[in-house]
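Here is a short briefing for a first look at this structure. Keep the sequence and the 3D view side by side as you read.

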Amino acid sequence: MTYLLLSAALLATAVVVRVVAHVVVRGRGERLPVAPSAIAAGVLVVLTVVFDNAMIAAGLFAYADAHISGIRIGLVPIEDLSYPLAIAIALPGVWALVHGRRRRSHE
């Protein structure tokens, strides 16, 4: 399995979680803002690029060329950015779903 396929599956799962959360939250008459997720995604991507470049350059880990797309930002394969993006996409949705469930159980 290539990292690109794994990344696509991870991002698709994150988007599904976010969409489900959006529908549920909207049904409660609330909203799930996008701007904080976009800002978090930007910060996480920048930090990932900086620190992964440093770790790869230091020889802490490497990627087999057969498993990556070949597109890199410095030394970082583009697939590595799917992890922080998935977190920024899915985590607010998970939070909204869990928080709403807890709030309803206390009412």
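D65 is exposed, because its relative accessible area is 61%, over the 50% cut-off. This residue forms a salt bridge with R72.

**Salt bridges**
- Side chains of opposite charge can pair when their charged atoms come close.
- A search of the whole structure turns up 2 salt bridges.
- One of them links D65 and R72, with the closest N and O atoms 3.3 Å apart.
- R72 has a relative accessibility of 33%, so R72 counts as partly exposed.
- Another salt bridge joins the side chains of E30 and R28, at 3.6 Å from N to O.
- E30 is partly exposed because its relative accessibility is 33%.
- R28 has a relative accessible area of 24%, so R28 is partly exposed too.

**R18, a buried arginine**
- R18 sits in helix α1, which covers residues 3-27.
- R18 is buried, yet has no salt bridge.
- Where is the nearest side chain of opposite charge to R18? That side chain belongs to E30, and is 12 Å away.
- R18 does have polar partners: its side chain makes a polar contact of 2.8 Å with the side chain of S37.
- A polar atom of the R18 side chain also lies 3.1 Å from the backbone oxygen of I89.
- Leaving aside residues up to four places away in sequence, R18 touches L32, P33, V34, S37, A88, I89, P92 and G93.

**Helix α2**
- Helix α2 runs over residues 35-57, a total of 23 residues.
- At 1.5 Å a residue, α2 should span 33 Å, and its end C-alpha atoms are 33 Å apart, so the two values agree.
- Which residues of α2 are buried? They are S37, A41, T48, V49, D52, N53 and I56.
- S37, the polar partner of R18, is therefore one of the buried residues of α2.
- An α-helix has 3.6 residues a turn, so residues three or four places apart point the same way.
- G59 follows α2 and has a positive phi, near 85°.

**Confidence**
- The protein chain has an average pLDDT of 91.
- In this chain, 93% of the residues score at least 70.
- Confidence is highest in α2, at a mean of 96.
- Confidence is lowest in helix α3, residues 82-106, at a mean of 83.
- Where pLDDT is low, the predicted coordinates should not be read in detail.

Note on methods: Residues are numbered from 1 along each chain as its sequence is written. This is a predicted model: local features need pLDDT of at least 70, side-chain atom pairs count only at pLDDT 80 or more; totals for chains, interfaces and linings use all residues. Side-chain values use heavy atoms; hydrogens and water are left out. Helices (H or I, at least four residues) and strands (E, at least two) are DSSP runs, numbered from the N terminus. The expected span of a helix is 1.5 Å times one less than its number of residues. Buried means under 20% relative accessible area, exposed over 50%, partly exposed in between (1.4 Å probe, protein chains only). pLDDT is the predictor's confidence in each residue, from 0 to 100. A salt bridge is a side-chain nitrogen of Lys or Arg within 4 Å of a carboxyl oxygen of Asp or Glu. Lys and Arg count as positive and Asp and Glu as negative; His and the chain ends are not counted. A polar contact is a pair of N or O atoms within 3.5 Å; within protein, one must be able to donate a hydrogen and the other to accept it, and residues adjacent in sequence count only if both atoms are side-chain atoms. Contact means heavy atoms within 4.5 Å.
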